[in-house]
Amino acid sequence: MPHLSTDVLVIGAGGAGMYAAIAAAQEGASVLLLDKGQIGRGGATIMAQMTVAVALGEQEPDSIALHLEDTLKAGRGLCNGELSALLCEDGPKRIREMEEWGTRWARENGHIKQEMAPGHSVKRCCYVDFLNTGPAVAATLRRKVSEIPAIRRLSNLAAVDILVSEGRARGAIALNFVDGELVAIQSKAVILAAGGLTKLYERNSASANMGGEAYALALWAGAELIDMEFVQFFPIGHLAPRLVGMDPIMWDPFRYKLGGKMLNGKFEEFIDRYGSTDFGKYNATRDIAAYAILKEVEAGRGTLHGGAYLDFRHIPEAQLRGAFGPVIDRLLANGIDLTKTPVEVGPMAHYHMGGIRVDVNMQTRVAGLYAAGEAVGGANGANRLSGNAITEAFVFGARAGSAAAESVTRARSEWNDQLADEALRRLKSFGRDSEANRIAPIALQAELQKVMWEQAGPFRTGEKLMAALMRIDEMRKKDLPRLRVGAARQFNLDLQDAFELRAMLATAGAVVRSALARTESRGAHQREDFPAPDDTFLKNQVLELKDGEIESRWLPPVRVARSSINDG
Ligand SMILES: Cc1cc2nc3c(=O)[nH]c(=O)nc-3n(C[C@H](O)[C@H](O)[C@H](O)COP(=O)(O)OP(=O)(O)OC[C@H]3O[C@@H](n4cnc5c(N)ncnc54)[C@H](O)[C@@H]3O)c2cc1C
């Protein structure tokens, strides 16, 4: 004990974690970068095929102040202005740095190409190409990380507990997926970069690793969460036919660009039933599109997979090819011929605006514990602009890495054998202590996803949320101790699922409690029983754990003075 030791431990190796590791190593720290999947291939970053929003002003005049203004507007009054300003200010530096490290941003006439996206005032979203932005940036960061000897990389290791003594993070306990052993890791600082929570929902655009573990680890360690009710649901995510190796949220730009028709299961256009006259333009806003699809399904007029059809058959093939470019061939390889078949689409959980509460150095209230990327809450308030999430991953990753490295020069590494020993003993018995245990962890995960989708999904009511909360609490207290994980050591998937479920339940409880308390509709949080915004709720909801239960309080949002914006 400890089994591994480092200056900075980075948990999660997506865009934020890899950036953090590089920044920490550049400041002279030794870094251990671990991921429950493969380094740089496990989370959302590699799945994001679209665009990155930054005020480069390469194609038309833009400014950091304007990007910030758009971000704050989209956030419906709830952004932490200091974090939003950091995102907008440092975004351009990170994009140019990524280019120096090898990312080939698409260019036109020598300038980085930037596209328009909903909510942005100008063409601001850069990309590599429409199929490869995420994979390309992940590849750049993987290469960079592998070139730095001070960064040790460990795949297939899931953090399951943060070790805290005397108010300071001292390391973590991780589960080694390969041999089922728990590993004690000593560090002077810990960065939580384990991504978002959309796997909590039955319908999601997420990778299998996005079970919201960062939030649970932070809560258990004594840090706070903020605005957990704000889960972004994408209105027309792909449901069917099966789509392999493509972004499930790719349809929106094509719907706008080409006028994809939305039809219900009876092949009728339906958007006019919900207050939009979309016909001929097919540009109903995202919230109306999501609401209309779910209501048609509720009325028994959904498609086979419980969504709506998106139909491009009225558009000539040449025009389709012109707009979709190489995407058309990828679709054909998936057996989808848009000239012959409509696809099925519907709302799905896509991103989380809430998260771990941090200051501008990504420091939580626990000394030595930092967060980065989608795990952080606050920069995007109640709703996120498209393209801001990758920027957030890079910017917050870089900031967390350098701040954590700087802090370790001041921190003494005080390892507490007893603390680690107790944690190991407690966690070792999890799921293994009774022959009578009967519940398969994966079955409970599936039930949780269904509960979250049906009762805490895109359109919520107090009644449904209360039912969800009661079931989640019951799962946490009664079912979790009765999980069946078996005695197998190597690649024991039940054991992995059980630990993941333990965190998923903590995070789901935080989302539902927050959603219950916000009795208004704002941004991504829509309450059918409180359909309008209520400005007495122009405040952030902060959660912490007290005696094992979540407590919340309200705080006014952090504002930023425009005069303090560094416009480069
Ligand atoms: C399909 C899709 C498309 C998207 N498109 C865009 C887009 O076009 N533009 C945009 O700006 N944003 C987009 N987003 C959002 C954006 O990709 C994410 O917000 C961003 O990449 C998050 O980066 P991250 O590093 O914080 O998390 P991730 O990239 O998700 O990385 C988190 C890592 O943590 C690991 N992990 C999780 N739990 C543990 C644990 N307990 N222990 C160890 N490791 C753990 C995971 O395996 C994963 O590798 C998209 C998201 C999805 C899902």
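**Figure 1. Antiparallel pairing of β3 and β7 in the predicted model.** Strand β3 and strand β7 (residues 125-126) run antiparallel to each other and are joined over 2 bridges. The model shown here and in the other views is predicted. Within this pairing, A53 faces C125 of β7. The two strands belong to an open sheet of 3 strands, in the order β3-β7-β6 and with antiparallel pairing. β3 (52-53) and β6 (114-115) form the edges of the sheet, each pairing on one side only.

**Figure 2. The stacked ring pair F254 and F324.** The model holds 13 aromatic pairs. In one of them, F254 and F324 are stacked, with 3.7 Å from centre to centre and 15° between the planes. F254 is part of helix α6 (residues 251-258) and F324 part of helix α8 (residues 317-324), so this contact ties together parts of the chain that are 70 residues apart in sequence. Both F254 and F324 are buried. The two rings also belong to a cluster in which ring pairs link W251, F254, F312 and F324.

**Figure 3. The edge-to-face ring pair F537 and W554.** The ring centres of F537 and W554 lie 5.4 Å apart and the planes meet at 65°, so this pair is edge-to-face; the cut-off for that class is over 60 degrees. F537 sits in the loop between β20 (526-527) and β21 (540-546), while W554 is in strand β22 (residues 549-555), and the pair links these distant parts of the chain, 17 residues apart. F537 has a relative accessible area of 12% and is buried, whereas W554, at 28%, is partly exposed.

**Figure 4. Charged side chains over aromatic rings.** The charged end of K539 sits over the ring of F537, 5.9 Å from the ring centre. This ring of F537 is also the one paired edge-to-face with W554. In a second case, R384 places its charged end over the ring of Y351, at 4.1 Å from the centre of that ring.

**Figure 5. Packing of helices α13 and α14.** Two packed helices are described by the angle between their axes and the distance between the axes. For helix α13 (residues 462-479) and helix α14 (residues 493-517), the angle is about 155° and the axes are 9 Å apart. α13 and α14 are therefore roughly antiparallel to each other, as angles over 145 degrees fall in that class. The crossing in which α13 passes α14 is left-handed.

Terms used: Residues are numbered from 1 along each chain as its sequence is written. This is a predicted model: local features need pLDDT of at least 70, side-chain atom pairs count only at pLDDT 80 or more; totals for chains, interfaces and linings use all residues. Side-chain values use heavy atoms; hydrogens and water are left out. Rings of Phe, Tyr and Trp (its six-membered ring) pair if their centres lie within 6.5 Å; planes under 30 degrees apart count as stacked, over 60 as edge-to-face and the rest as tilted. Helices (H or I, at least four residues) and strands (E, at least two) are DSSP runs, numbered from the N terminus. Buried means under 20% relative accessible area, exposed over 50%, partly exposed in between (1.4 Å probe, protein chains only). A charge sits over a ring if NZ of Lys or CZ of Arg is within 6 Å of the ring centre and within 35 degrees of the ring normal. Two strands pair if DSSP finds at least two bridges between them. Axes are lines fitted to C-alpha atoms, for helices over the stretch in contact, and angles run from 0 to 180 degrees between N-to-C directions. Angles under 35 degrees count as roughly parallel, over 145 as roughly antiparallel, 65 to 115 as roughly perpendicular and the rest as oblique. A crossing is left-handed if the near helix is turned anticlockwise from the far one by less than a right angle, and right-handed if clockwise.
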